[in-house]
Amino acid sequence: ELAARVRTFDGTGRTSDGHLVPLLANIGKPAGAQAAADAGAEGVGLFRTEFCFLDRAQAPTIDEQVEQYRQVLAAFAGKKVVVRTLDAGADKPLPFLTNTDEPNPALGVRGLRTSTRNPEILDDQLTAIARAAEAESADVWVMAPMVSTVAETEEFVGRCHAHGLMTAGVMVEVPSAALQSGPILARAQFASIGTNDLTQYAMAADRLLGDLAVLSTSWQPAVLQLIAATCRGGAQQGRPVGVCGEAAADPALAVVLVGLGVATLSMSTPALPDVAAVLASVSADECRQLAELALTAESADGARAAVRAHLPVLD
Ligand code: PEP
Ligand code: MG
């Protein structure tokens with residue numbers, strides 16, 4: 001019903017009292033970038049680079065990568081684009097990188113773990129991102145998926161800086177990273193919470209199993225506690241924390257995320273107008289109160305019901 005009433009997004013995410021919350025887009029293939037820009041996305045909060053190469057038997061060359069990345073950056077001239085390094089493995093196997101013999105791929109060599117075992121592929125990718133950034137005017141941020149420790153953060157940020165990519169961050173999608181966000185954000189320039197995986201690992205529930213949907217929701221108070229912990233780490237270090245998982249696309253949950261201290265929300269393009277509309281219906285203080293309600297609930301359903309009861313715009 002909300003969708004029927006509110007169809008536009010003017011390109012600036014904000015609460016009713018003017019607290020700015022940039023609303024960004026999640027992009028897979030470069031073709032989606034222009035559509036996201038046309039829909040008013042204020043930038044790209046997650047460019048899933050592995051989507052460019054899912055069907056490749058061989059690693060892409062640097063030139064091939066530059067070509068793809070430039071298309072995304074070109075659609076967001078002068079705007080922020082967060083490029084994620086290859087998140088290979090588990091639900092996104094890359095034929096040229098992923099060992100498919102692992103008994104538990106979601107707990108195996110995936111994300112940054114793949115990159116550190118194939119440093120030449122990471123180096124090529126960072127070279128390509130740096131070249132694309134030089135050729136276009138977008139504000140390029142780089143982040144690694146599936147970071148678990150402070151040491152991994154330090155190593156990744158160092159590699160990015162060595163390539164001249166000075167805004168280097170990490171995804172927080174493993175509970176250990178959420179709990180270590182203070183020291184992690186002493187090294188990284190920003191963090192972006194991947195709520196899809198953070199929920200999977202917090203709840204020990206495979207994100208691909210529909211049968212576990214009751215567990216696999218970021219409304220779970222335990223997941224919200226991990227998000228709150230990440231935001232505290234960010235506040236401690238003066239570093240921004242965003243969300244780029246599906247949670248950001250649920251308008252009521254988006255309000256809670258802002259109340260927990262999340263600075264930016266990144267989502268699939270179609271979700272932008274509804275999230276913008278609900279955010280514009282509440283003040284920053286109300287976001288904080290709703291976050292407190294959700295955090296102190298004892299179940300996902302309880303958290304969702306308590307928050308939605310205070311958001312008449314969703315009725
Ligand atoms: C996430 O895990 O929430 C995320 C944004 O990354 P992906 O869905 O690509 O794993
Ligand atoms: Mg993820």
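Student: So how do helix 11 and helix 13 cross, and at what angle?

Tutor: Keep in mind that this is a predicted model. The axes of helix 11 (residues 251-260) and helix 13 (residues 284-295) cross at roughly 100° and come within 7 Å. Angles of 65 to 115 degrees count as roughly perpendicular, so helix 11 is roughly perpendicular to helix 13.

Student: Which residues meet there?

Tutor: From helix 11 you get Val-255, Val-256, Val-258, Gly-259 and Leu-260, and they meet Cys-287, Arg-288, Leu-290, Ala-291 and Ala-294 of helix 13. By class, that contact has eight nonpolar residues, one polar and one charged.

Student: Okay, switching to the ligand. What surrounds ligand 1?

Tutor: Leu-46, Arg-48, Asp-87, Glu-173, Gly-194, Thr-195, Asn-196, Asp-197, Cys-244 and Gly-245. Sorted by class, the shell has four charged, four polar and two nonpolar residues.

Student: Which element gives the largest share of that shell?

Tutor: Helix 9, with three residues. Strand 2 (43-48) and helix 9 (195-203) each supply at least two.

Student: Where does UniProt place the "binding site" feature?

Tutor: The unreviewed UniProt entry puts "binding site" at Arg-48, Arg-84, Asn-196, Asp-197 and Arg-207.

Student: What does Arg-207 touch?

Tutor: Not counting residues up to four places away in sequence, Arg-207 touches Asp-91, Asn-196, Asp-197, Gln-200 and Ser-216.

Student: Last one, Ala-276. Buried or exposed?

Tutor: Ala-276 is buried, because 24 other C-beta atoms lie within 10 Å. Ala-276 belongs to helix 12 (residues 272-279). If you skip residues up to four places away in sequence, Ala-276 touches Phe-9, Gly-13 and Leu-23.

Student: How far apart are Ala-276 and Leu-46 in space?

Tutor: They are 18 Å apart, C-alpha to C-alpha, and 230 residues apart in sequence. Leu-46 is one of the residues around ligand 1.

Key:
Residues are numbered from 1 along each chain as its sequence is written. Chains are lettered from A and ligands numbered from 1 in the order in which they are written. This is a predicted model: local features need pLDDT of at least 70, side-chain atom pairs count only at pLDDT 80 or more; totals for chains, interfaces and linings use all residues. Axes are lines fitted to C-alpha atoms, for helices over the stretch in contact, and angles run from 0 to 180 degrees between N-to-C directions. Helices (H or I, at least four residues) and strands (E, at least two) are DSSP runs, numbered from the N terminus. Angles under 35 degrees count as roughly parallel, over 145 as roughly antiparallel, 65 to 115 as roughly perpendicular and the rest as oblique. Two residues are in contact if their C-beta atoms, placed from the backbone, lie within 7 Å. Ala, Val, Leu, Ile, Met, Phe, Trp, Tyr, Cys and Pro count as nonpolar, Asp, Glu, Lys and Arg as charged, and the others, Gly among them, as polar. A residue is near a molecule or strand if its C-beta atom, placed from the backbone, lies within 6 Å of it. UniProt positions are given in the numbering used here, feature names are shortened, and annotations may be inferred rather than shown by experiment. A residue is buried if 20 or more other C-beta atoms lie within 10 Å of its own, exposed if 12 or fewer, and partly exposed in between; C-beta atoms are placed from the backbone.
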